[in-house]
Amino acid sequence: MKDGKLLALLKEDPNAGMQQLISQYAGLVFAVVRGRLADICDSSEIEDCVTDVFLHFQAGLKTFVPAASLKNYLAVIARNTADMYMRNRIAAASLDDGELAFEIPETGDFTEEVANCNAVIDSKSCMSLNE
């Protein structure tokens, strides 16, 4: 179904419109999400992410302006939602390790930590320029 007809169906009958949208674009959304999350998430988390993509679409439907195709719009939502899952998964994994990646000084003086971070950033910048 073409985008214009699908958008009209979504306005007239949201349930039927979402069913059509899902049947038409589930493969695309699944491919985008799986491509981003296959290495760090299991299949049930990937399916949850795909569901969230369509929920995000439905939640933003009232403000949707058809400047791009639904296909592109859903692909962007899928990418962003998968990236959110990835960040959450990485954050959860680092917290599961039981260690903080940095120490908080008791004095509240971050001067030394900032200097160390700047030194690391500068060395990384120099390495990337030299490569």
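Because the model is predicted, local features need pLDDT of at least 70 and side-chain atom pairs count only at pLDDT 80 or more, while totals for chains, interfaces and linings use all residues.

Begin with the whole protein, coloured by pLDDT, the predictor's confidence in each residue, from 0 to 100. The average is 80, and 70% of the residues score at least 70. In cartoon view there are five helices and zero strands, where helices (H or I, at least four residues) and strands (E, at least two) are DSSP runs numbered from the N terminus. Of the 131 residues, 21% count as buried, that is, under 20% relative accessible area with a 1.4 Å probe and protein chains only.

Next select H2, residues 14–37, which has the highest mean pLDDT among the elements, 95. A straight helix of 24 residues would span 34 Å at 1.5 Å a residue, whereas H2 spans only 29 Å between its end C-alpha atoms; the expected span is 1.5 Å times one less than the number of residues. Centre on Tyr 25, where H2 bends by about 60°, the bend being the angle between axes fitted to the seven residues ending there and the seven starting there. Tyr 25 is also one of the buried residues of H2, which include Leu 21 and Val 29.

Move on to H3, residues 43–59, whose end C-alpha atoms are 24 Å apart, in agreement with the 24 Å that its 17 residues should span. Show the side chains of Ile 46, Cys 49, Val 50, Val 53, Phe 54 and Phe 57, which are buried. They cover an arc of only 135° around the axis, which puts them on the same side of H3; the arc is that of the directions from the helix axis to the C-beta atoms.

With a disulfide taken as a pair of cysteine sulfur atoms within 2.5 Å, the count comes to zero. Cys 41 is in no disulfide, and its nearest cysteine sulfur, that of Cys 49, is 7.6 Å away. Cys 41 is buried at a relative accessible area of 9%, and Cys 49 is buried at 0%.

Finish at H5, residues 111–130, which has the lowest mean pLDDT among the elements, 53. Over residues 124–131 pLDDT stays under 50, and the model has zero contacts there beyond four places in sequence, a contact meaning heavy atoms within 4.5 Å. Where pLDDT is low, the predicted coordinates should not be read in detail.

How values were computed: Residues numbered from 1 in each chain as written. Heavy atoms only, no water. Buried < 20%, exposed > 50% of the residue type's maximum accessible area, 1.4 Å probe, protein only.
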